[in-house]
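I opened this notebook to record what I looked up in the structure. The entries follow in the order of the look-ups.

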Amino acid sequence: MASIATTAGTEPVFHLEEEHAHAEGSSTMLGFWLYLMSDCLIFAMLFAAYGVLGGNYAAGPAPKDLFDLDLVAVNTTMLLLSSITYGFAMLTMDKGRVAATQAWLAVTGLFGLAFLSIELYEFAHMIHEGATPQRSAFLSSFFTLVGTHGLHVTFGTVWLVTLMTQVARFGLTEANRRRLMCLSMFWHFLDVVWIGVFTFVYLMGMLR
Amino acid sequence: MSAHDHAADHGHAHGGAAHGSLKGYLIGFVLSVILTAIPFWLVMSGAIDNKQATAIVIMAFAVVQIVVHMVFFLHMNTASEGGWSMLALIFTLILVVIVLTGSLWVMYHLNANMMPGLHDMREMP
């Protein structure tokens, strides 16, 4: 067993000598990116499931009977606007302006909430018409795919509020900047997934 | 790698390149609006008579828009994280392509061969 040499007053060193020490958080971005890639795979599975099952209506309603493209267009706008306002939040964060960053984050959160409200309204409307997840394989895969995306946006919004509280209490510290950058990647990533959803599910659903 | 290490010096956990600029965000936003509006308009107005052609066109728009988001919003480039994030992205994309084409291809043929008469082929994706 290798012994760890410690001399009084110095901290023991546990990493290999050849390897240099990494600053705290220096690998967070890459790690978070890898998480996003694994999340991307989850969505790929759900897209594949929808692609396979999306045509099995079981004599139930088809996309044409259910989807309202005007509503989807408004929803897409909300998410796209929230993406750009988050971008503005990052730019003001770079300049160290706390109040402006908080304001842009709040605007982003409101757009996120608007997106979720419209999606929930859409889901409620569909379920009210009897188009529940149990109705057909198409609807099961639809609710799983779009619902998972909505769940991600929900958690993103919770995370956003958490970070706004953090920034309000501790300011734009190094750690808070790092967290905001992670959420930035998460938020933009969700917008990328939504491009797949509105194209593959809604627009192509209307073409069936 | 060394260029990236230098970039880490100026106050942030990560290099300045990862932040983007106002111009970059605005270009990305305008492009996204255009790339979103055209597919919606194509489907809502039925401008292209052929449904299959419309589907291919809107998928092409989606791919372009995803690239726009990656570049202007997620600031992807071959240099970030010393190339590791690009490598992870390429690996993920390969898996995504295998999962999607594999599933659709196999299940299409399974349905086509195993259940004659039960399924209308026009319903297949």
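In what order do the elements of chain B run from the N terminus on? I read them as α-α-α-α. The model is predicted, and local features need pLDDT of at least 70, side-chain atom pairs count only at pLDDT 80 or more, and totals for chains, interfaces and linings use all residues. Residues are numbered from 1 along each chain as its sequence is written, chains are lettered from A and ligands numbered from 1 in the order in which they are written, and side-chain values use heavy atoms, with hydrogens and water left out.

Entry on chain B. I noted four helices and zero strands (DSSP runs, H or I of at least four residues for helices and E of at least two for strands, numbered from the N terminus). Of its 125 residues, 33% count as buried (under 20% relative accessible area; exposed is over 50%, partly exposed in between, with a 1.4 Å probe and protein chains only).

Entry on backbone angles. I found a positive phi of about 55° at His75(B), which is not a glycine. His75(B) sits in the loop between helix 3 (51-72) and helix 4 (84-114) of chain B, and is buried, at a relative accessible area of 11%. Ala58(A), also not a glycine, has a positive phi of about 50°; I located Ala58(A) in the loop between helix 1 and helix 2 (63-66) of chain A. Most residues other than glycine have a negative phi.

Entry on Trp41(B). I placed Trp41(B) in helix 2 (residues 22-45) of chain B; Trp41(B) is exposed, with a relative accessible area of 52%.
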